[in-house]
Amino acid sequence: MRSSTYTFAALGSAVVLTLAACSSGGGGSSSGSSSGSAQGVSATCKLTNPPKSSASAPPTSSPSPVANPPAGVSVGVILPDTTSSTRYTLYDQPLLKAAFDAAGLQSDIQNAQGDTTKQSQIAQSMIGEGVKVLLLDSIDQSSGAAIEQQAAAAGVQVIDYDRVNLGGQAAYYVSFDNEEVGTLQAQTLVDCLNQQKASKPRVIMMDGGTDVDNNAVLFAKGANDVLKPLADAKKLTIESETVVKGWKTANAAPAFEQALSAAGGQVEGVVAANDDIANAVIGVLQQQGLNGHVVLTGQDAQVEGLQNILKGDQSMTIFKNVSLEADAAAKLAIALIAGTDPSTLGITFSDKQLDPKNAALKSVLLPPEVITYSNVQDVIDAGALKASDVCNGIEKQCQEAGVK
Ligand code: BGC
């Protein structure tokens, strides 16, 4: 797709006002679509009252040290990859290590680098080295369920971490309320469009790896629950819904290019499942001079995502405070190792039954938080990131947004 495909039109006065107030310096708005005139929306979204999670945060106490910790490595953690999201190296790895260190337990934390053979080898070596508990954030559900089976046969207890393995046999699952993540993404998109009085906005949905990850299925379900009724009531149009298969973010840009072209080269909103997909979408919009002029969602509150928000290219992200997730998972692992009853931990288990085939699965579903331009500071205040990292290279934008 070349930018010459698009006809750039003079902007209406209302549109100019919006852009002048919020523009990030993109090239302008296109009128290439046959399905309605282009609306000069701004990606920058300042919500004073963003949609909120209904889940409640657990008490924030760190796990207490185990009385007689077993000798050697007692907990293994397998993370899925380093390419679908920076969260695994930025958040999960260091926070899980810190939680187990605080409990006095030796942990072995490895990343399968998106390779299911490697994932299985890591699991086998961890079982071999005598771990008591395995925290598994699997690449896909069938390889995850196979590892659960091997672990069970060796007497190793598995906690599904962040991603559930449907049809598996884990007793515990620690994650965020993933359906709500999708609801919050879509509701924020709608609120941002409404705030700008966008009329009948056109929306493209860029789902994550629904073919491998039940979280991606739930994100898409939550988003559709918000958008479908509005589409049915003809208040917006869902132009298309594309799956970024296997969460392979390298495929996100070509897939979005196609979806944008099919939508006539212009939309007002894009639901991107996470910050990495959002970043690929921004790259494509940039080529068309449209970045900053489309309301765009994300997830993971990673550095690049927050920078894209502060630069005016992305409208929101979902902050999942991984330290809560790591703490809950560590507390459960510690209880399982010490043989104490996890129901005495003060952890709230969800009423939601996530896996009909594994009715005994107990889930901890933590609350996600919406971040727009107005509350980027929340991520820093929660201790998840340092202002110096978020603001590196975008000092001026941080100053303007009051981020410090
Ligand atoms: C996680 C997201 C992440 C995605 C891609 C999901 O299972 O919950 O935080 O962005 O996988 O790795």
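**Notes on backbone and salt bridges**

1. Trp247 is placed in the loop between β7 (237-243) and α7 (252-262); helices (H or I, at least four residues) and strands (E, at least two) are DSSP runs, numbered from the N terminus. Its phi is near 55°, a positive value in a residue other than glycine. Trp247 has a relative accessibility of 6% and counts as buried, where buried means under 20% relative accessible area, exposed over 50%, and partly exposed in between (1.4 Å probe, protein chains only).

2. On provenance, this is a predicted model, in which local features need pLDDT of at least 70 and side-chain atom pairs count only at pLDDT 80 or more, while totals for chains, interfaces and linings use all residues. Residues are numbered from 1 along each chain as its sequence is written, and side-chain values use heavy atoms, with hydrogens and water left out.

3. Most residues other than glycine have a negative phi. Asp162 is buried, with a relative accessible area of 2%.

4. A salt bridge here is a side-chain nitrogen of Lys or Arg within 4 Å of a carboxyl oxygen of Asp or Glu. By this rule the count comes to 11 salt bridges.

5. Which parts does the pair Arg163 and Asp137 tie together? The two side chains meet in a salt bridge with an N to O distance of 3.9 Å. Arg163 lies in the loop between β4 and β5, and Asp137 in the loop between β3 (133-136) and α4 (141-153), so the pair ties together parts that are 26 residues apart in sequence. Arg163 is buried at 4% relative accessibility, and Asp137 is buried at 0%.

6. Within helix α2 (residues 87-102), Lys97 and Asp101 are four residues apart, and are therefore separated by about one helical turn. Their side chains form a salt bridge at 2.7 Å, N to O. Lys97 is partly exposed, with a relative accessible area of 38%, and Asp101 is partly exposed, with 40%.

7. Helix α13 (residues 395-401) holds both Lys396 and Glu400, four residues apart, about one turn of the helix. Their salt bridge spans 3.4 Å, N to O. Lys396 is exposed, with a relative accessible area of 56%, and Glu400 is exposed, with 54%.
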